[in-house]
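I am opening a notebook on a structure that is new to me. These entries record what I looked up, in the order I looked.

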Amino acid sequence: LVRNLSRIALRPDCSEQAYCNGHGDCTAPGKCVCRLLDGWAGDNCSLRVPDKTSSIVCSSPLAFIGFPMDCKFVARLERAPVITSSDLVTVRAYSRRVGEVRQKEVERAHE
């Protein structure tokens with residue numbers, strides 16, 4: 001008796017997540033598991049996890065006590081600019097003499 005068995009692979013649909021952008025695996029409908037160790041994150045694995053080459057750039061080289069100073073976090077990975085999210089980045093002041101860090105929400109233009 002000879003049986004002809006064939007295998008069928010069922011894959012979840014991640015089309016709305018751009019199929020995890022090739023940087024993760026679709027594990028359930030609409031659910032990507034990103035390759036975090038390769039530096040990829042986000043709902044659709046399109047965001048980069050910045051490294052220590054990132055920097056904080058402020059509007060002035062001088063800071064005065066009691067006066068706020070606008071600064072921007074410049075996310076980088078291996079010295080190259082990357083797109084990331086505030087969900088992936090935390091900025092803290094290590095010295096209380098510096099003051100406190102407040103995050104201002106920035107609206108981004110959708111491409």
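I began with contacts, meaning heavy atoms within 4.5 Å. In the protein chain, residues 24 or more positions apart account for 26% of the contacts with a separation of 6 or more.

I noted the ground rules next. This is a predicted model, in which local features need pLDDT of at least 70 and side-chain atom pairs count only at pLDDT 80 or more, while totals for chains, interfaces and linings use all residues. Residues are numbered from 1 along each chain as its sequence is written, and side-chain values use heavy atoms, with hydrogens and water left out.

I looked up the secondary structure, where helices (H or I, at least four residues) and strands (E, at least two) are DSSP runs numbered from the N terminus. The protein chain has zero helices and eight strands. Read from the N terminus, its elements run β-β-β-β-β-β-β-β.

The protein chain has an accessible surface of about 10200 Å², and carbon and sulfur atoms hold 53% of that. I took buried as under 20% relative accessible area, exposed as over 50% and partly exposed as in between. Of the 111 residues in the protein chain, 19% are buried.

Ile-56, Phe-73 and Val-91 make one of about 240 Å². Val-91 sits in the segment after E8 and is partly exposed, because its relative accessible area is 33%.

I then looked at phi. Most residues other than glycine have a negative phi. Cys-20 has a positive phi, near 60°, and is found in the segment before strand E1 (24–28). Is Cys-20 buried or exposed? Cys-20 has 1% relative accessibility, so it counts as buried. Glu-78 also has a positive phi, near 55°, and lies in the loop between strand E7 (76–77) and strand E8 (80–81). Glu-78 counts as exposed because its relative accessibility is 66%.

My last entry concerns rings. A charge sits over a ring if NZ of Lys or CZ of Arg is within 6 Å of the ring centre and within 35 degrees of the ring normal. Arg-48 lies over the face of Trp-40, 3.9 Å from the ring centre.

Key
Buried < 20%, exposed > 50% of the residue type's maximum accessible area, 1.4 Å probe, protein only. Areas by Shrake-Rupley, 256 points an atom, 1.4 Å probe, with all protein chains shown as cover. Patch = residues over 30% accessible without salt bridge, like charges linked within 9 Å, V, L, I, M, F, W, Y side chains within 5 Å. Salt bridge = Lys/Arg side-chain N within 4 Å of Asp/Glu carboxyl O.
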